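I opened this notebook to record what I looked up in the structure, entry by entry. The structure is shown first, and my entries follow.

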Amino acid sequence: MIDFPAGLSALTDRYDVVLCDVWGVIHNGVQSFPEACDALERFNRDHGPVVLISNAPRPSNDVLAQLDGLKVQREAWSAFVTSGDATRSLLAERAPGKVWKIGPERDEPLYAGLSLDGAGCEDADFICCTGLFDDEAETAEDYRDQLKVAADRGLLFICANPDRVVQRGDKLIFCAGALADLYEELGGKVVMAGKPFAAIYDLALAEAERLKGGPVDRSRVLCIGDGVITDVLGAENQKLACLFIAKGIHGEKALGPDGLLSPEAVTQLLAAESVGATHAVADLVW
């Protein structure tokens, strides 16, 4: 049975580490959510470390400016790990080499300091996808022909962001995970480092242990996120508790006709993906 608490304060006696998703929980790419940031600040200050865990395809140090620009206060978290951090280790294993880089120029810091040369689908050794070149205008289908060439060549596809879609303001945009799905459909092999896969959780828990100065009791770790097949599934795979944020990317499916959280709708949404959350709220609040 899913528990539906009033807010994070109702759970402080059960957890002393939080691994919190970023996009969709504390901001939407355009503005931050003050109540969510305040809830994390209170937990981080009074109860235990908050580690932000994001499927951003860039190293965490390169994403800090975005959080600062959106006025997410530094006091709301103690450490930050990204899918980009986990992806860099996969890239380093394949350097030197030639990589077909799929994604916008802003993601170039992912490759900094690695001996990897850019190439096309016809002559690359492997693919690394951080997203679409123009996620405001393109869809995965725009890449089908080139991905078919790469799949026929047997190239490995490293997906730096397993998210299929993300909310930017009031709009859903496609992410690297959508291209990874298409590549697998075309017969290609995909490797992912972010949620729901283990590598990013290993990094996050290592940060929690560093902050606590010793081992972490996994039964007292709470994951927070709005993605069913990334955040909720990742927590379940790691046998960690999860607080599902229902008004994120799945909002329309998790709310009732009155616009409020519907326990029945949340239960059906999670059951449709064969996953379960420990707790659920509409928005992250204290």
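**Entry 1. Leu8 and its surroundings**

I began with Leu8 and listed its contacts beyond residues up to four places away in sequence: Leu8 touches Ala39, Phe43, Leu222, Ile224, Leu243, Leu284, Val285 and Trp286. I take contact to mean heavy atoms within 4.5 Å. Leu8 is found in the segment before β1. Helices (H or I, at least four residues) and strands (E, at least two) are DSSP runs, numbered from the N terminus. I also looked up the spacing of Leu8 and Leu40, which are 32 residues apart along the chain, and their C-alpha atoms are separated by 8.4 Å. Is Leu8 buried or exposed? Leu8 counts as buried because its relative accessibility is 1%. The cut-offs for relative accessible area are under 20% for buried and over 50% for exposed, with partly exposed in between (1.4 Å probe, protein chains only).

**Entry 2. Basis of the values**

I note that this is a predicted model, in which local features need pLDDT of at least 70 and side-chain atom pairs count only at pLDDT 80 or more, while totals for chains, interfaces and linings use all residues. Residues are numbered from 1 along each chain as its sequence is written, and side-chain values use heavy atoms, with hydrogens and water left out.

**Entry 3. The nonpolar cores**

Which of its 31 residues touch the most other members? They are Cys20, Ile26, Leu40, Leu52, Ile224 and Leu284. Two or more residues of this core come from each of β1 (17–20), α1 (34–46), β2 (50–54), α2 (60–69), β11 (221–225) and β12 (241–245). The largest share, 5 residues, is given by α1.

I then followed Ile26 and left aside its neighbours within four places in sequence. Ile26 is in contact with Cys20, Asp21, Ser32, Phe33, Ala36, Cys37, Leu40, Leu52 and Val72.

**Entry 4. The cavity**

I searched the whole structure for cavities of 30 Å³ or more, and the search finds 1. On a 1 Å grid over the protein atoms alone, a cavity is a set of points where a 1.4 Å probe fits but cannot get out; a pocket is an open set with protein on both sides within 12 Å along at least five of seven lines; lining residues have an atom within 4 Å of a point. The largest cavity holds about 50 Å³ of space. A volume is the space filled by probe spheres set on the points, which are joined across faces, edges and corners.

The lining of the largest cavity consists of Leu19, Cys20, Asp21, Ile53, Lys195, Tyr201, Cys223, Ile224, Gly225 and Asp231. The elements that give two or more residues to this lining are β1 and β11, and β11 gives the most, with 3 residues. By class I recorded 6 nonpolar, 1 polar and 3 charged residues. Ala, Val, Leu, Ile, Met, Phe, Trp, Tyr, Cys and Pro count as nonpolar, Asp, Glu, Lys and Arg as charged, and the others, Gly among them, as polar.

In helix α7 (residues 228–237) I found Val228, Thr230, Asp231, Val232, Gly234 and Ala235 buried. Their cover includes α6 (198–212), β11, β12 and α9 (263–272). Lys239 is found in the loop between α7 and β12. Phi of Lys239 is near 60 degrees, a positive value in a residue other than glycine. Lys239 counts as exposed because its relative accessibility is 73%.

**Entry 5. Cis peptide bonds**

I recorded a cis peptide bond between Ala95 and Pro96, with omega about -5 degrees. Pro96 lies in the loop between α3 (83–92) and β4 (97–102). A cis peptide bond also joins Lys195 and Pro196, with omega about 15 degrees. Pro196 lies in the loop between β10 (189–192) and α6.

**Entry 6. The largest pocket**

Finally, I looked up the largest pocket, in which about 700 Å³ of space lies. Of its 41 lining residues, the closest to its centre are Asn161, Asp163, Val165, Val166 and Cys175. The largest share of the lining, 4 residues, comes from α7. By class, this lining has 18 nonpolar, 10 polar and 13 charged residues.

Methods. A nonpolar core is a set of buried Ala, Val, Leu, Ile, Met, Phe, Trp, Tyr and Cys residues joined through side-chain atoms within 4.5 Å.
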